[in-house]
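Q: Pick one part of this structure and take me through it closely, please. Then tell me how that part sits in its surroundings.

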Amino acid sequence: MGFSTKAIHAGVEPDPFTGSIMTPIHLTSTYVQEELGKHKGYEYSRVSNPTRTVLERNIAALENGREGLAFASGMAAETAIFHLLKAGDHVIVSRNVYGGTYRVGKLVLDSYNLDFEFVDTTDLQTIKKAIRPNTKMVFIETPTNPTMEITDLAAVAKLCQSRKLVSVVDNTFATPYLQNPLEYGLDIVVHSATKYLNGHSDMLGGLIVLNDPQLIERLRFIQKSVGGILSPFEAWLCIRGIKTLAVRMDRSCANAMEVALYLSRHRKVKKVNYPGLVSHPQHRLAQKQMRGFGGMISFDLGTLENAKKLLKSVRLCALAESLGGVETLISHPATMTHASIPLEERNRIGVTDGLVRISVGIEDVEDILADLKKALAAI
Ligand SMILES: *Cc1c(COP(=O)(O)O)cnc(C)c1O
């Protein structure tokens with residue numbers, strides 16, 4: 001079955017009672033049991049809910065994995081994954097991951113004696129050197145946020161298998177339409193479903209997909225124990241959003257390529273980070289492991305002053321955090337998504353004061369370009 005067919009049909013059955021083609025929203029906390037120990041597979045909605053089950057089966061199919069798990073947000077999903085660890089464990093993380101991943105590792109879980117180390121995962125030797133006797137997990141994001149660094153999925157999978165480390169990929173930027181990390185041998189894929197999977201900026205959600213039966217059992221146990229589950233209504237919004245993922249991503253990728261080319265030729269733009277550009281240092285790797293280059297671009301305007309001017313002048317591009325919706329969003333990572341990272345660290349990873357991030361939506365590209373052209377003229 002092709003990707004679009006799976007996106008629309010996998011895990012989805014017409015309602016057996018009414019024929020309703022759309023998945024019902026099962027707004028219920030509990031389920032009536034026929035007699036002691038005899039039920040229809042559902043007991044309590046923290047453990048499982050039929051609407052959530054449909055989404056979990058659907059995302060598992062899209063990532064070609066055994067099992068999917070849905071959470072209230074991307075961060076709830078990531079935190080569930082970090083609950084696989086024990087006090088004293090060391091985790092290696094891509095150096096410019098999502099700001100929230102940095103925050104939960106460095107500013108929340110550090111007090112539980114978990115040691116998060118942020119390294120340049122684009123270089124396999126750097127990961128190897130960072131491995132210690134107490135290292136248990138490697139958590140990568142590719143492409144990274146916001147500098148679009150690419151990590152070699154196959155190489156990380158191989159290294160983690162040989163050292164018996166749990167490997168995790170944040171696949172939010174690529175989505176399963178462009179990249180399937182489990183096929184390269186990685187253990188766990190995590191998504192902020194808030195972004196491209198939902199695609200309409202009207203919910204928050206997090207999804208995990210994995211294959212290993214032991215890890216599945218443990219994560220299911222963590223999910224029902226800690227309880228950061230996705231609500232039935234949000235699950236339904238996500239099921240609906242995923243149905244159009246392929247067409248939205250195609251348009252987003254095509255628009256982003258045009259925007260990246262435009263920016264790369266503009267004299268006021270110092271640097272453009274987009275894996276689809278031949279000038280991107282890992283363009284070939286991106287070509288190898290991705291089926292498209294995505295809708296995310298960042299570019300450097302040199303100074304905070306210039307970035308401010310641009311962000312003040314855009315009209316169509318909305319100044320907002322988040323990404324992956326149908327509308328084009330523009331943001332300033334250093335003061336918005338990555339504000340919790342200290343200045344020195346930010347400069348080291350390329351999140352400079354002049355850096356602007358754009359999530360290219362699916363509007364007519366001429367309108368996006370015209371908006372950027374006018375805003376760049378204001379600098
Ligand atoms: C947004 C985001 C997250 C966090 O997801 P929420 O749904 O906001 O909790 C994690 N990783 C990446 C790459 C993101 O963009």
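A: First, the naming: helices (H or I, at least four residues) and strands (E, at least two) are DSSP runs, numbered from the N terminus. This is a predicted model, so to speak of local features takes pLDDT of at least 70 and side-chain atom pairs count only at pLDDT 80 or more, while totals for chains, interfaces and linings use all residues. Residues are numbered from 1 along each chain as its sequence is written, and side-chain values use heavy atoms, with hydrogens and water left out.

Let's zoom in on serine 252, which sits in helix α10. Serine 252 counts as buried because its relative accessibility is 2% (buried is under 20% relative accessible area, exposed over 50%, partly exposed in between, with a 1.4 Å probe and protein chains only). Who does serine 252 touch, leaving aside neighbours within four places in sequence? The list is Tyr196, Gly294, Gly295, Val360, Gly361 and Ile362, where contact means heavy atoms within 4.5 Å.

Val360 turns up again with another residue, valine 259. Not counting residues up to four places away in sequence, valine 259 touches Val360 along with Ile297, Val365, Ile368, Leu369 and Leu372.

That takes us into the largest nonpolar core, which has 65 residues (a core is a set of buried Ala, Val, Leu, Ile, Met, Phe, Trp, Tyr and Cys residues joined through side-chain atoms within 4.5 Å). Val259 is among the members that touch the most others, a group that also includes Leu55, Val272, Ile297, Phe299, Leu310 and Ile330. The top contributor to this core is α10 (residues 245-264), with eight residues. At least three core residues come from each of domain 1 (3-242) and domain 2 (246-377); those bounds come from an automatic or database domain assignment. There's also a second, separate core of 33 residues, with Ala77, Ile81, Phe116 and Val166 among its members. As a general point, nonpolar side chains in soluble globular proteins tend to be buried together.

Now for the two domains themselves. Taken over C-alpha atoms, their centres are 26 Å apart. On the domain 1 side, 41 residues are in contact with 42 residues of domain 2. The two domains bury about 3400 Å² between them, 56% of it on carbon and sulfur atoms (that is accessible area, 1.4 Å probe, that two parts lose on being put together, summed over both). Salt bridges between domain 1 and domain 2 come to zero, with a bridge being a side-chain nitrogen of Lys or Arg within 4 Å of a carboxyl oxygen of Asp or Glu. Polar contacts are another story: 19 residue pairs across the interface, both at pLDDT 80 or more. Such a contact is a pair of N or O atoms within 3.5 Å; within protein, one must be able to donate a hydrogen and the other to accept it, and residues adjacent in sequence count only if both atoms are side-chain atoms.

On the side of domain 1 that touches domain 2, α1 (3-9), α4 (99-108), α7 (175-178) and α9 (232-242) each supply at least two residues. The largest share of that side, four residues, is from α7.
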